[in-house]
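Subject: Structure handover

Hello,

Here is the structure I promised to pass on. Please open it next to this message.

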Amino acid sequence: MSKRRTMQEASFLILTALAGGSQHGYGIVTDVEQISSGRVELKAGTLYAALDRLTADGLIEPDREEIVDNRLRRYYRLTGDGAERLAEEADRLRANAHAALTRLRPGVAIS
Amino acid sequence: MTDHSPLERRYRRWLALYPKSFRADHEDEMVAVLMQGTDPDQTRPRAREVANLATHGLRQRARGGRFPSNWERAHANIMFPIRIIIALWLCLLSTLLIGYHRGELWLLLLVPAILLHLYIAYRIRPSAIPR
């Protein structure tokens, strides 16, 4: 409990998808695919394990429900804690990426 | 419930691997996601999708479908050092018994006990408890 664990990539991408507004399960899947340039294809099992965990941690919450074509669509949205945690994680990743790029290309200024 | 397509029925059969509480929360929305990801002429679940459901379903089941309560977490945090201390104490006891040349039979009991305490300590180590 002292130190926060590194966030898994799936969780990071799901929070990023929800940072743009509330979305339902399949919306998150397609958005995450787009954000990751097609690299991350979330499967239903992975998605709902992550959504369940993120909800339990208070980083996201169910927003509203719709029935479309007789199927349930539950929308999720980012909470205040979730936005804060995502920002922290993004800063951490930026710092790591900056360190790596600086060492790979010494002398080249990186924004 | 009766007019599900054969494909949906197959997916729901795989979802039965999840614990009841998880299914009550998420089964319908998971089916929606699974069905939205299928091709129009698809009649069987994709192998990778099924493998993913099986892995996560069994994993949820292994943790009883719920996250550990604060009490369970606190209990694990207290018991972890106690288990280690007991294991170390038993090691000391074994050393003394060997020193007095009485170890042989006692070690049959002590060694498994030490290993068991260390194993339990390993299972409840702080980093293993999901947040």
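Below is what was found, taken chain by chain.

First, the ground rules. This is a predicted model, in which local features need pLDDT of at least 70 and side-chain atom pairs count only at pLDDT 80 or more, while totals for chains, interfaces and linings use all residues. Residues are numbered from 1 along each chain as its sequence is written, chains are lettered from A and ligands numbered from 1 in the order in which they are written, and side-chain values use heavy atoms, with hydrogens and water left out.

**Chain B overall**

Chain B has five helices and zero strands. The pattern along the sequence is α-α-α-α-α. Chain B has 131 residues, and 34% of them count as buried. Buried means under 20% relative accessible area, exposed means over 50%, and partly exposed is in between (1.4 Å probe, protein chains only). Take the contacts in chain B between residues at least 6 apart in sequence: 68% of these join residues at least 24 apart. A contact means heavy atoms within 4.5 Å.

Two packed helices are described by the angle between their axes and the distance between the axes. Axes are lines fitted to C-alpha atoms, for helices over the stretch in contact, and angles run from 0 to 180 degrees between N-to-C directions.

Start with α2(B), residues 20–36, and α3(B), residues 47–62. They pack at about 170°, with axes 14 Å apart. That makes α2(B) roughly antiparallel to α3(B). The cut-offs are under 35 degrees for roughly parallel, over 145 for roughly antiparallel, 65 to 115 for roughly perpendicular, and oblique for the rest. On the α2(B) side, F22(B), R23(B), M30(B) and L34(B) make the contact; they meet E49(B), L53(B), Q60(B) and R61(B) of α3(B). By class, that is four nonpolar, one polar and three charged residues. Ala, Val, Leu, Ile, Met, Phe, Trp, Tyr, Cys and Pro count as nonpolar, Asp, Glu, Lys and Arg as charged, and the others, Gly among them, as polar.

Now α1(B) and α3(B). Their angle is about 30°, and their axes are 9 Å apart. That makes α1(B) roughly parallel to α3(B). Y11(B), W14(B) and L15(B) of α1(B) meet E49(B), V50(B), L53(B) and A54(B) of α3(B). This contact has six nonpolar residues, no polar ones and one charged.

Which residues of α1(B) are buried? In this helix, residues 6–15, they are L7(B), E8(B), Y11(B), R12(B) and L15(B). They cover an arc of only 135° around the axis, which puts them on the same side of α1(B). The arc is that of the directions from the helix axis to the C-beta atoms. These buried residues pack against α2 and α3 of chain B, and also against β3 of chain A.

**The sheet in chain A**

Chain A holds an open sheet of three strands in the order β1-β3-β2, with antiparallel pairing. Strands pair if DSSP finds at least two bridges between them. The edge strands are β1(A), 23–24, and β2(A), 60–68. Two bridges join β1(A) to β3(A), residues 71–78. In one of the pairs, H24(A) has Y75(A) as its bridge partner. From the other chain, α2(B) packs on the sheet and touches β1 and β3 of chain A, its direction making about 100° with that of β3(A).

β2(A) and β3(A) pair over seven bridges. E61(A) is partnered with R77(A) in β3(A). The two strands form a hairpin with two residues between them.

E66(A) sits in β2(A). At 30% relative accessible area, E66(A) is partly exposed. Leaving out residues up to four places away in sequence, E66(A) touches R71(A), L72(A), R73(A) and Y75(A).

**Backbone points to check**

Most residues other than glycine have a negative phi.

- D69(A), in the hairpin turn, is at about 55°.
- N70(A) is near 65°. It lies in the loop between β2 and β3 of chain A, and is exposed at 76%.
- S37(A) is at about 55°. It lies in the loop between α2 and α3 of chain A, and is exposed at 68%.

Best wishes

Methods. Helices (H or I, at least four residues) and strands (E, at least two) are DSSP runs, numbered from the N terminus.
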